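Q: Could we go through this model together? I would like to begin with the sheet and then move on to other topics.

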Amino acid sequence: MRFSDLIAETLHSLTSNKVRSGLTILGIVVGIASVIAMVAIGQGSQAAIEQSIQAAGSNLLTVSPSAAGQQGPGARSFGASVESLTREDAEALADLSLVTGVAPSAQGQAQLVAPETNANAQVLGVTPSYAAVRGLTVSSGAFISERDDAANAQVVVLGATLAEDLFGEGVDPVGERIRSGNMLLTVVGVLEEKGTSGFTNVDASAIIPLSTAARYVTGSEYLSSITLTVADEDQMDAAEASVEGLLLQRHGIADADYADFSIMNMADLMETVSTVTGTFTTLLAGIAGISLLVGGIGIMNMMLTTVTERTREIGLRKAIGADSAAISAQFLAESVTLTLVGGALGIVAGWGIGVAAANLLGATAIITIDSVLLAVGVCAVIGIVFGYYPARRAASLSPIEALRYQ
Amino acid sequence: MADVQASTPVIDARDLTKVYEGAGAETTALRGVSLAVEPGEFTAIMGPSGSGKSTLMHILGCLDTPTTGTYALSGQDVSTLDDYELAEMRRTTVGFVFQAFNLLPRATVMRNVVMPMLYTRVPHDERDDRAASALRAVGLEETLWTHRSNELSGGQMQRVAIARSLVNDPSLVLADEPTGNLDTATGDSVMDLFSRLNDEGRTIVLITHEPDIAAKTRRVVRLHDGLVAEDALTADAHVRQYGAGAVPAHVADAPGPSAAPALTADPAGDV
């Protein structure tokens, strides 16, 4: 049988029972659409999370103080509860060859009183290098300068949302003054909005010179973290090792298990998060795949019914010269056509659902060529697998019995 | 057409037996049937139900193979062929006409007639021409060709089925009770069509239990209990007497109109 004849026969028999064909196709549409939509949403969320980490800087190492002997994810403590890192540590780290930038910071909480309103905000004491290391830019005014830091100057750079909270939208607060405890801070700059990135929400922070923070906010010379940038992301592990070695040496600790600091490697974090979100996506796709399986069984069910109903037709076709292969091909073609049509509609529907659901969730849906090709492949396989048995059954009917069938 | 194999019998069957293996029991349908049909013959196979005529037709039509015996169709021994080779023979050498017409009801007349060519290598552009000439040969008006086959009358449907049996130019047309589902007038016109096709050189074998139908053929082969009970020219055969119902065992060797009154006596005699 020619291929064009096979297609013509297939379309003819599928269109002669439109409702049944339509419902069977619907089963596949639902299955494929849910797989496509789930994968799109999963991959969209994965990309969003990775992007957020990327925004924080995937070439960052963050050194935090931690209780000796308790290094490890569970025991890591942020903030200044353990005092082990100093400005001198930071300056020493800056000399390491793989390290391109060092930003020591001290973190505290303070009540900020503006003329109109007040707010409780995170206060970050930083050196001028912080802006470069964290990729911050000012939308107005200037960042903390070396001179500010050297002079314990009472100046502040406000995060975008904090500036809005204190002074209202669209107002440039540069030059205004804020009272906090016994400081009277002059606003020298406002940061460009950065969005939540990593673990510090810079947008809601007040940034002051590190020396000023040490004197007025934290009351100690110790740091709450040192953030380092590494030139090349591929050398994160080497950089981490050299940072660890230098700090152990400076702190006089022989055994790394007893280190009084911990180092967080953004590249590692990124990898972990990717694995988790990847697993999540696979899980979603797996659940959606179950509906695809149900759709496939629907096809088999329809094809078996069709074979029974068309027993006489099969007998006739055999009597006029169709061999088993031709009969088999005809029924297989019908089931593959059903799944491919369902698959095509399912891809379109899944695309739509993915985009709509992502909009609703505030994420973006990502439909990759991979998932479309996978869907098409799965459809063809379903068509063949679930069509094979009914097709075999049709082909193996004896023409004599089939012609007698009532 | 048939004249290609003018010297070879279309059907050359020798000592055909067929035994069906049922659940526990064996059923013997044919006990040793020999039959030769030359090109251009018009033969009726008759016999009561259970006589083995359907089994014989299945074997002659390459739908089934005999248990023992040989069968050559147009010179080709088909008794040992496998399923694919049998399909090939059905495709190229046999045209089937069924009692129930067996048309695809939702398909058009043209589509039904073109169908046997789907399984052959007949080129696309030649198919419609061949279907059209087959439909003209059976005398179906051209206005009906695009109708769906379930919109036709019984006689028209059987004409379509006959056209379908002719499109692959078979050396044998095999008809299984072709008039069984038709009224007498329509049945007669279908038989006239078969006669005309036979006049044009077609070899036709039909199965019937109606004596009136068998009377329109040229040769009658009567089966009884899986054996050939009679094989004679129609003019000489006991068509009228024993067409329907059981044939008494003695009939095969009792020529002449001896049993004739049995059929006509009761109603006519009393009135």
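**The sheet in chain B**

A: This is a predicted model. In chain B, six strands make up an open sheet, ordered S6-S7-S8-S3-S9-S10, with mixed pairing.

Q: Which strands are at the edges?

A: The edge strands of chain B are S6 (94-97) and S10 (227-233), each of which pairs on one side only.

Q: And what does the twist average?

A: From one strand to the next, the twist averages 20°.

Q: How many bridges join S7 to S8 in chain B, and do they run parallel or antiparallel?

A: Strand S7 (residues 172-176) and strand S8 (residues 204-207) of chain B run parallel and are joined by four bridges. Within this pair, Val173(B) has Ile204(B) of S8(B) opposite it.

Q: What does Leu174(B) touch?

A: Leaving aside residues up to four places away in sequence, Leu174(B) touches Met57(B), Leu60(B), Gly61(B), Val94(B), Gly95(B), Phe96(B) and Val205(B).

Q: On to the two chains: how many residues are in contact?

A: On the chain B side there are 16 residues, in contact with 17 residues of chain A. Helices H2 (83-93) and H3 (109-118) of chain B each supply at least two residues of the side that touches chain A. H2(B) provides the largest share of that side, five residues.

Q: How does that side of chain B divide by class?

A: The side of chain B that touches chain A has nine nonpolar, five charged and two polar residues.

Q: One last topic: how do H9 and H11 of chain A cross?

A: The axes of helix H9 (residues 266-309) and helix H11 (residues 324-361) of chain A come within 11 Å and cross at roughly 145°. The crossing of H9(A) past H11(A) is right-handed.

Q: Which residues make the contact?

A: H9(A) contributes Gly295(A), Ile299(A), Met303(A) and Val307(A), while H11(A) contributes Phe331(A), Glu334(A), Ser335(A), Leu338(A), Thr339(A) and Gly342(A). By class, the residues of this contact between H9(A) and H11(A) are five nonpolar, four polar and one charged.

Technical notes:
Residues are numbered from 1 along each chain as its sequence is written. Chains are lettered from A and ligands numbered from 1 in the order in which they are written. This is a predicted model: local features need pLDDT of at least 70, side-chain atom pairs count only at pLDDT 80 or more; totals for chains, interfaces and linings use all residues. Two residues are in contact if their C-beta atoms, placed from the backbone, lie within 7 Å. Ala, Val, Leu, Ile, Met, Phe, Trp, Tyr, Cys and Pro count as nonpolar, Asp, Glu, Lys and Arg as charged, and the others, Gly among them, as polar. Two strands pair if DSSP finds at least two bridges between them. Axes are lines fitted to C-alpha atoms, for helices over the stretch in contact, and angles run from 0 to 180 degrees between N-to-C directions. A crossing is left-handed if the near helix is turned anticlockwise from the far one by less than a right angle, and right-handed if clockwise.
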